[in-house]
Amino acid sequence: RNVSFEELQPLGFVGFLSDLIECPPLAKRYLYKYYRIHNVPIGTAVTDKMADRVNKVIPSGLYFTPSHRYQNNKSRYSSDTISSISQVRESRIFNFTVDTGRIQTFQNQLAALNQESDQTREKHTEVKTREQELRKKDSANREGKTSHSPANPTPRYDRGENKSTHPENQPTPDLFYKLSGGEGKVRPKI
């Protein structure tokens, strides 16, 4: 049987469990249907002191006080009421400690790794740019366009080398053969 709030108020009850829960209407309907939270009264310390009287008013059902959970059930075999009382435990949902030193250590490690990552990214970009430049130069060299371009100036002889003794200006064996009038002669093997 549902007990009216007017009957419960003198016993120290302040409302029902449904009055304390804020949630979307669909969730509340679910709680009403399956847990009957609109029929679970919430009492005070006064209710704890009057537990015997309350059990007569609520012979079957569940109710709470600040420190206890009371569950009353009617016996199937007699008219007796079976009561179970359990201690209400303190909520541990938001009961945790924060290690600020450890958080700071992780934040410092993260900052160092981000800095290292940025430096590596910059080096990678520099290497890619240099690679592109070298590929362009190589491509231009293969086409023969860079023989006198500013990127590849003509050989300079500023290391004390004589222009005539520089390896690029040395005569080849074919040149000696032609100069010696070896046209038509068998060229000596070198």
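1. Tyr30 and Tyr34 are four residues apart in helix H3, and so they are separated by about one helical turn; helices (H or I, at least four residues) and strands (E, at least two) are DSSP runs, numbered from the N terminus. This is a predicted model, in which local features need pLDDT of at least 70 and side-chain atom pairs count only at pLDDT 80 or more, while totals for chains, interfaces and linings use all residues. Residues are numbered from 1 along each chain as its sequence is written, and side-chain values use heavy atoms, with hydrogens and water left out.

2. The structure holds five aromatic pairs, where rings of Phe, Tyr and Trp (its six-membered ring) pair if their centres lie within 6.5 Å, and planes under 30 degrees apart count as stacked, over 60 as edge-to-face and the rest as tilted. Tyr30 and Tyr34 form a tilted pair, at 4.8 Å centre to centre with 45° between the planes. The rings of Tyr63 and Tyr70 have their centres 4.6 Å apart and their planes at 10°, so this pair is stacked. Ring pairs also link Phe13, Tyr63 and Tyr70 into a cluster.

3. As for accessibility, buried means under 20% relative accessible area, exposed over 50%, and partly exposed in between (1.4 Å probe, protein chains only). Tyr63 is buried because its relative accessibility is 0%, and Tyr70 is buried with a relative accessible area of 5%, whereas Tyr30, at 45% relative accessibility, counts as partly exposed.

4. The largest nonpolar core has 10 residues, among them Phe13, Ala51, Tyr63 and Tyr70; such a core is a set of buried Ala, Val, Leu, Ile, Met, Phe, Trp, Tyr and Cys residues joined through side-chain atoms within 4.5 Å. Strand E1 (13-16) and helix H5 (51-57) are the elements that give two or more residues to this core. Leaving aside its neighbours within four places in sequence, Ala51 is in contact (heavy atoms within 4.5 Å) with Tyr63 and Tyr70.

5. Arg36 lies in the loop between helix H3 (25-35) and strand E2 (41-43), and Arg36 is partly exposed, with a relative accessible area of 43%. Although Arg36 is not a glycine, it has a positive phi of about 50°. Most residues other than glycine have a negative phi.

6. Ser75 has its place in the loop between strand E4 (68-74) and strand E5 (81-87), and it counts as buried because its relative accessibility is 17%. Apart from neighbours within four places in sequence, Ser75 is in contact with Asp80 and Ile82.
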